[in-house]
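Please read this note with the structure open.

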Amino acid sequence: MRPGGWLLLFLLPALAVAGIDRRVDPRTGLVSWKYDRGAFELEIVQRLPDQTRAFFLARGFPPAEADRLAVHCVMQTIVRNTGRSGEAPPIRVNLREWRIRHGGTIRPLRHKEAWLAEWEKSDAVPPPARIAFRWSTLPTVQVYTPRGDYNWGMTIYDLPPGSLFDLYVVWHAGKHRQAAWLRGIECAPDRHE
Amino acid sequence: MLLRLLLIITFVGTVGMATAEPKPALLTPLPGAPLARNFDLPDMDGKRHKLSDYRGRVVIVNFWATWCPPCRKELPSMNRAWSRLQKEGVMMLAVNVGESEDVIFPFMADYPIDFPVLLDQDGEIIQRWPVRGLPTTFVVDPDGRLVYQALGGREWDDPRLLGLVRGLLKQ
């Protein structure tokens, strides 16, 4: 093998580690994406609209509102600080800094506070159901300390089922702002099981 | 020369990855150990529990819900920790957020919880505590101060984690 070939062989695994790891669950067919850089680890997992619909219906959402949420591209999201020592920096995530690129436009996510404010005004969702929504969605701002902090929750991308989009993620490791474009994220299709 | 260097870096990196065992997560100390907000909540039998009732003891306060997968995952280890710590005077309280007895009772057939389960049905208490997600667990020292926090699930019967809790007993 030529020297250039060896170089490529050694560099390829490094590039794969730095990139996003896309997996398909062989049992459910649902897709997940895992990204890590430094101590920041992010995992996004598709949720079928039916899963989301059933979850919120079981927690007191009126059918119309559960259905509305279900077709807004809801993903399960896990954020973790994988720093092992106490000296590793905390990781701060503010979802207000994240962006969605879809159909030629870039826009922010619609956060839980916006949904809750709307329901507060319209009274379309009863208060106990709003509690379930508040605690099952990922906090908009959160600091993850090293040695094991993680959180999970749903994030809502405000896109029709089956949409393909790029996600711009931002996190702060101590004082350092870091960001990455995660390309080719797919909202689950609205298939009924 | 460059190739040799790359080979060495790759070898060292691979060995490093293979030998660095991921350590189970422990507890995060809370800076300044703020005083825990008191609460007065009913348990599954209607008995009321105030946090202040347990002043002088170490108290582990866990916020959870039945629909939260990491909460379910950590419950068995919490129960095992309870079987050990109960004898040493540590109190454990599982504060359920936003659910009724009708939901929690059948859930406990699959996930037994031997320590008191308190009901924060309207989510008022969790809003007053520094909780950002479920599960979150706090360790309160005998003076009523929030000493440690665990955001996300833990293996509560990990000897090193139990050691941190026991360390508060000795003070």
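**Notes on the predicted model**

1. Helices (H or I, at least four residues) and strands (E, at least two) are DSSP runs numbered from the N terminus. This is a predicted model: local features need pLDDT of at least 70, side-chain atom pairs count only at pLDDT 80 or more, and totals for chains, interfaces and linings use all residues. Residues are numbered from 1 along each chain as its sequence is written, while chains are lettered from A and ligands numbered from 1 in the order in which they are written.

2. Of the 171 residues in chain B, 34% are buried. A residue is buried if 20 or more other C-beta atoms lie within 10 Å of its own, exposed if 12 or fewer, and partly exposed in between, with C-beta atoms placed from the backbone.

3. An open sheet of chain B has 6 strands in the order β1-β8-β7-β4-β5-β6, with mixed pairing. Strands β1 and β6 (117-120) of chain B are at the edges with a single partner strand each, so one side of each has no neighbour in the sheet. Two strands pair if DSSP finds at least two bridges between them. Strands β7(B) and β8 (residues 146-151) of chain B run antiparallel and are joined by 5 bridges; Val139(B) is opposite Tyr148(B) in β8(B).

4. Helix α2 (residues 69-85) of chain B has 17 residues and spans 25 Å from first C-alpha to last, close to the 24 Å expected. The expected span is 1.5 Å times one less than the number of residues. A kink of about 35° lies at Leu75(B), shortly before the proline Pro76(B); the bend is the angle between axes fitted to the seven residues ending there and the seven starting there. Leu75(B) is among the buried residues of α2(B), which also include Trp82(B) and Met78(B).

5. Which backbone angles deserve a look? Most residues other than glycine have a negative phi, and most peptide bonds are trans. Cys73(A) has a positive phi near 65°; this residue is in the loop between α3 (63-70) and β4 (74-81) of chain A and is buried, with 26 C-beta neighbours inside 10 Å. Ala33(B) has a positive phi near 40° and is partly exposed, with 15 other C-beta atoms within 10 Å.

6. The peptide bond from Leu134(B) to Pro135(B) is cis, with omega near -5°. Pro135(B) lies in the loop between α4 (124-128) and β7 (136-140) of chain B.
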